[in-house]
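Hello,

Here is the structure we talked about. Please open it, then read my notes below.

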Amino acid sequence: MSFSRFIQLVQQYYLIILAVPIFMAGLVYYLTMGEQKTYTSNSSIYTGIASGFNVDMRQGVGDRFMIQSVFENVLTIMESTKVKEEVAIKLIAQHLIQDVDSLSVRICKSSSLKELHKLIPEDLRKKLTVGKDFEKTYQRIETYINQDHKNAIYRIVHNNRYIPHYSLRALKSIKFKRIKTSDLVQISFSSPDPGIAMNTLIFFAQAFIKKYRFLKVSETGDIVSYFEAQLLKAQIKLDNIEQELLFYRSSNNILDYTEQVRAIAQRRQEMEGDIYKERMVLASAKYTSKYSQEQLDMHLDVLDKNTSIILKRKRLEDLASRIALIKIFDDPNTNSDLIELKQELDQLRAEMEGDLDAIFAINYSTSGVKTKDILKKWFDNILTVGESKAKLEVFENRRNDFKNLYKTMAPIGSNLTKIEREVAVAESAYLRILEALNLAKMRQQNIALSTKLKVVDAPIFPTAPDPSKRKLLIIIAALVGGISIIGLLVFLELMDRSIRQPLRLIELTGLPLTSAFPIFPMKHGRIYYNQLRRSLSNRLIEHLDLKGTVGTQKPIFLAITSMQSAEGKTFVGQELARAWALKGKKVHIYQPKPEDGSTWKSPFDSNDKDAPLSISDYNLDSLTLDTLRDKIVSETKDADYVILELPHLHSYQVPYSLWHKVDHCVLVTRANRSWEDADRQSLDDMTKTLGKEPLMCLNGVKINFLTEIIGPIPRKASKIQSILTRFNRAGSLK
C-alpha cells in the first residue's frame with residue numbers, strides 16, 4: 001500500500017479514526033475517577049559486591065559475569081516468599097500492639113488498623129499480643145502461623161485474594177533494582193498508607209539482610225565443619241602410622257636405615273679389599289715357604305724326620321694363628337693372653353733354633369747361603385702362612401655375617417619404605433585438608449565481612465502523594481485507540497482482494513477501461529456529482545466514438561451486460577442514454593423485465609432538467625428467439641442508438657445470433673467484488689463470440705480512486721483554499 005493510499009484511507013475514515021481514540025480516552029477517564037492516592041517510600045542498601053575489599057585484600061568478587069550472577073542471587077533472595085512473609089508478620093505484629101486512639105501516623109492510618117481488626121478476631125488479637133512488646137508479639141505470631149495452614153494469620157498472608165498491606169500479593173509490589181553498575185540496590189514501595197509504605201521497607205531491609213547473611217554463613221559453616229572433621233580423621237591416621245613407624249624402628253634397632261646400610265656396604269667393601277690382600281700375602285708366603293723347605297730338605301733330612309721339630313712346628317703355627325686372631329679383633333681384654341702367647345712363641349722359637357743349631361754344625365748351606373738365614377726365612381714364612389690362613393678364616397666368617405646381615409636388612413628396608421610412604425601420603429592428605437580448611441575459614445571470614453550489608457538511605461516518611469498517572473493513561477488510551485483503528489483499517493485494506501481501483505481492473509483483465517462510476521450518496525456534500533457523472537458518461541461516449549460508431553448504419557445497437565447480477569447495468573445504460581439525449585440523440589433502452597415487478601430508481605433527484613428516457617421491457621425468454629432484434633428494429637427505426645441491457649452472463653446464456661448483430665458491448669463490473677477464474681473464462685468466451693474486445697466499465701468505485709482516470713475530483717473549495725486562492729490572485733495582479 002502506497003503512502004498516498006494511506007492518506008486517502010485516513011481521509012475516508014477520519015470520523016472513525018477520531019471517534020475511537022476519543023471513546024477510549026473517555027472510558028479511561030471514567031474508570032479512573034475517584035483514583036486512590038498512593039505514597040512511595042524509597043531506600044538503598046550497600047552490598048559491597050563489586051568494589052568491597054576481602055580479607056586477602058582483593059577487591060570485588062571477580063569479573064563482571066560473576067558480579068552479575070551475585071547480584072541476581074541478591075535480587076532473587078529479595079523476591080523470595082520467606083522474606084516477604086517475615087515482612088508481613090512484622091507489619092501485623094507492629095499494628096496489633098497499637099491502639100486506635102494513640103496511633104501514630106508514622107505507623108499507619110487508623111483506617112488501616114481498623115481493617116486489620118476486622119480480619120483478626122478480638123480473642124485471637126489478645127492471644128497473640130504481648131502488651132507493647134514488639135519482639136515477643138512477633139515471635140508469638142510467627143509460631144502461630146506455622147502451626148497449620150488454616151489459621152487466620154496464614155489466610156491473611158497467603159491469601160490468593162489481594163489483601164492490602166499484609167498479603168504476599170500486596171508485597172509483590174515492592175520494587176528493587178541495582179543502581180547502574182554500583183554496589184547499591186534501590187528498593188521502593190507504594191501504598192495508600194504512608195506509614196505502612198515506610199515501615200514495609202524498614203522490615204524488608206531487615207528481613208533481606210538477615211536471610212542473606214544466614215544463607216552465606218550457613219553455606220561456609222557446613223564446609224568448615226566438614227573440613228574440621230576430615231582434618232581430625234587425617235591427624236588420627238597420621239599419628240597411628242607414625243607410631244607404627246617408631247615401633248618398627250625400635251624393634252629392629254634402626255636409627256638411620258640409609259646410613260646404616262651405607263656403613264655396612266662400605267665395611268664389606270673394605271673387608272673384600274683386605275681379603276684380596278691377605279690372599280696375596282698367603283700365596284707369597286706359601287711359595288717362599290715351599291722354596292725354603294726345598295733348601296732345607298737338601299741339607300736337613302734329619303730335621304724332617306725329627307718328631308720333636310715337627311711337633312714344635314705345628315705348635316708354632318698354632319701360636320701364630322692365635323696371635324693373629326687376637327690382633328684382628330684388638331680386644332683390650334685379650335692383651336694379657338697376647339703377651340703370654342708371644343712369650344710362648346718366642347720360647348718355642350728359641351728352642352727350635354737351639355735344636356737346629358745343635359744339629360747343624362755349620363753356619364752355611366752347601367749353596368753358600370747361611371743356614372741361619374734359611375731357617376729364619378722358613379720360620380717367618382711359616383708364621384706368615386699361619387697368620388694369613390687365620391685371617392682368611394676370620395674374613396670368611398665375617399663375609400657370612402655380612403650375608404646374613406643383608407638378608408635381615410633387605411626386608412627391613414622394604415617394610416620401612418612402605419611405612420614411610422604411608423606416612424608421606426597421610427601427611428600430604430593432612431596438609432591438603434589443612435590448607436582447604438584455612439581457605440574455608442578465610443572464605444567464611446570474607447563472607448562474614450561482606451554480608452554486613454548496610455542501609456545507606458533509610459526509608460523516609462512520604463508526606464506528599466505520588467503524581468497521578470491519570471493524564472498519561474488517558475493519552476496512552478487515546479494513542480492505543482488511534483493506532484489500533486488505523487492498524488485495523490490498514491489490515492483490512494491489505495486483506496481486501498476486491499477490484500476496488502480502475503487500474504487494478506486493467507491489470508486483472510488486460511483490457512482498457514472506458515469509464516468508471518462512483519458510489520453516488522443521497523447527500524452530495526462538497527463534490528459536484530452531477531458534473532462528475534456527465535464527465536464520466538461523456539468519457540464512455542468518447543470511447544464508443546473511437547470504436548467507430550460515428551457514420552455507421554442507424555440505429556446503433558449497444559449491448560450492456562455483466563458477469564454477475566446487481567453490478568449496475570441499468571444505471572450505466574440510463575446514464576449513457578441521458579448523455580446522448582443531452583447531445584440531441586434519440587435513444588431507446590430495452591431492459592429485461594424484473595421478476596418481482598420492481599423498477600430501478602436513480603440515485604439523483606427526479607426533478608432535474610434531464611430529458612425523459614424511452615425505456616421498454618422484454619421477457620428474458622425472448623432472448624432465445626430470433627425475433628428480439630427484429631422487434632427492436634421495427635420499434636426504433638427513427639432512433640440513433642438502441643441500448644440493449646442483457647442479463648448477467650453467469651446465470652443466462654445469450655444466443656450467438658444476438659451477439660453477432662450487436663455493434664458494441666459494454667461490460668459492467670462492480671468494484672467491491674473480486675475477479676475470479678470464472679470471470680476470466682466468461683470474458684474470453686464473450687471476446688471470441690463478439691470477435692472484438694468489450695468495453696470495460698467499473699461501477700461503484702470509491703470517489704478517491706477516480707483520480708486515476710479523470711484527475712482531480714470537481715468539488716467546492718474550502719474556506720482555507722478560498723483564502724489561499726485570493727492571496728494568489730492578489731499576488732499575481734501586483
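A residue counts as buried under 20% relative accessible area, exposed over 50%, and partly exposed in between (1.4 Å probe, protein chains only). Helices (H or I, at least four residues) and strands (E, at least two) are DSSP runs, numbered from the N terminus. This is a predicted model: local features need pLDDT of at least 70, side-chain atom pairs count only at pLDDT 80 or more, and totals for chains, interfaces and linings use all residues. Residues are numbered from 1 along each chain as its sequence is written, and side-chain values use heavy atoms, with hydrogens and water left out.

**The sheet**

Strand β5 is mostly covered: 6 of its 6 residues are buried. β5 belongs to an open sheet of 7 strands, paired in parallel, in the order β5-β11-β10-β6-β9-β7-β8. Strands pair if DSSP finds at least two bridges between them. β5 (513-518) and β8 (614-618) are the edges; each has a single partner strand, so one side of each lacks a neighbour in the sheet. On average, neighbouring strands are turned by 20° against each other, direction ignored. (Axes are lines fitted to C-alpha atoms.)

Tyr 590 has Ser 616 as its bridge partner.

**The annotated spans**

An unreviewed UniProt entry annotates residues 12-31 and 472-494 as "transmembrane region". Such annotations may be inferred rather than shown by experiment. Residues 12-31 are 95% helix and 0% strand, with end C-alpha atoms 31 Å apart. Residues 472-494 are 100% helix and 0% strand, and their end C-alpha atoms lie 32 Å apart.

**Salt bridges**

What counts as one? A side-chain nitrogen of Lys or Arg within 4 Å of a carboxyl oxygen of Asp or Glu. The whole structure has 14 salt bridges. Among them:

- Glu 115 with Lys 118, closest N and O atoms 3.9 Å apart. They are 3 residues apart in helix α5 (residues 110-119), about one helical turn. Glu 115 is partly exposed at 46%; Lys 118 is exposed at 65%.
- Lys 126 with Glu 122, 3.6 Å from N to O. They sit 4 residues apart in helix α6 (residues 122-128).
- Glu 259 with Arg 262, 2.6 Å from N to O. Both lie in helix α11 (residues 257-299).

Salt bridges also link Arg 533, Glu 575 and Arg 578 in a network.

Best wishes

Conventions. Axes are lines fitted to C-alpha atoms, for helices over the stretch in contact, and angles run from 0 to 180 degrees between N-to-C directions.
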